[in-house]
Amino acid sequence: MVRAVAQRVVDTRGFELVDVEVKRGRGDHIVRLFVDKEGGIGLDELQSVSEEVSAILDAEDPIESTYTLEVSSPGLDRALKTEADYRRFVGRLVKLASYEPIDGRRHWLGRLSGIDGGVLAVVLEKEKGKLVHVPLAKVSHGRLEVEFK
């Protein structure tokens, strides 16, 4: 229900709903929305999303206890979760971890060179351009790495 409300709000503004987290805190819930747009999102835009989502959640009351709503951008080191995320960031530096070893490794740092048939192609940063293939289904955690140019 929270995701549907947030999706409606960001869609009307042309933003992207990157992720939704609902966590139980001490006696209440924490609802976190991560919102972005092409070129980055500003604080005023995040505030407007927060105000509208909050008003709708207050009216529809889908959360049984009290809650704190947090709306933010996913950050420069944003998590990559879907195939669409990986496609969007081809050419960028990524850090990956897998559920199980692949060719004796579980962690990689490199430039994402593509994705084909659900398999990520990554040119390793510190291994003289070695190309590795990591099935997206085996990625437990993927994240953009911050690059300073």
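Visitor: Which residues of helix H1 are buried?

Guide: In this predicted model, the buried residues of H1 are Val 2, Val 5, Ala 6, Val 9 and Val 10. They lie on the same side of H1, because they cover an arc of only 120 degrees around the axis.

Visitor: How many Å should the 12 residues of helix H1 span?

Guide: At 1.5 Å a residue, the helix, which takes in residues 2-13, should span 16 Å, and its end C-alpha atoms are 17 Å apart, which agrees. After H1 comes Gly 14, with a positive phi near 80 degrees.

Visitor: How should I read the sheet, and what is the order of its strands?

Guide: In general, the strands of a sheet pair through backbone hydrogen bonds, and this pairing is either parallel or antiparallel. Here an open sheet of 3 strands has the order S1-S2-S3, and its pairing is mixed. S1 and strand S3 (67-72) are the edge strands, each of which pairs on one side only.

Visitor: In which sense do S2 and S3 pair?

Guide: S2 and S3 pair in the parallel sense, over 6 bridges, and Val 31 stands opposite Leu 69 in S3. Helix H2 packs on the sheet, where H2 touches S2 and S3, and the direction of H2 makes about 150 degrees with that of S3.

Conventions:
Residues are numbered from 1 along each chain as its sequence is written. This is a predicted model: local features need pLDDT of at least 70, side-chain atom pairs count only at pLDDT 80 or more; totals for chains, interfaces and linings use all residues. Side-chain values use heavy atoms; hydrogens and water are left out. Helices (H or I, at least four residues) and strands (E, at least two) are DSSP runs, numbered from the N terminus. The expected span of a helix is 1.5 Å times one less than its number of residues. Buried means under 20% relative accessible area, exposed over 50%, partly exposed in between (1.4 Å probe, protein chains only). The arc is that of the directions from the helix axis to the C-beta atoms. Two strands pair if DSSP finds at least two bridges between them. Contact means heavy atoms within 4.5 Å. Axes are lines fitted to C-alpha atoms, for helices over the stretch in contact, and angles run from 0 to 180 degrees between N-to-C directions.
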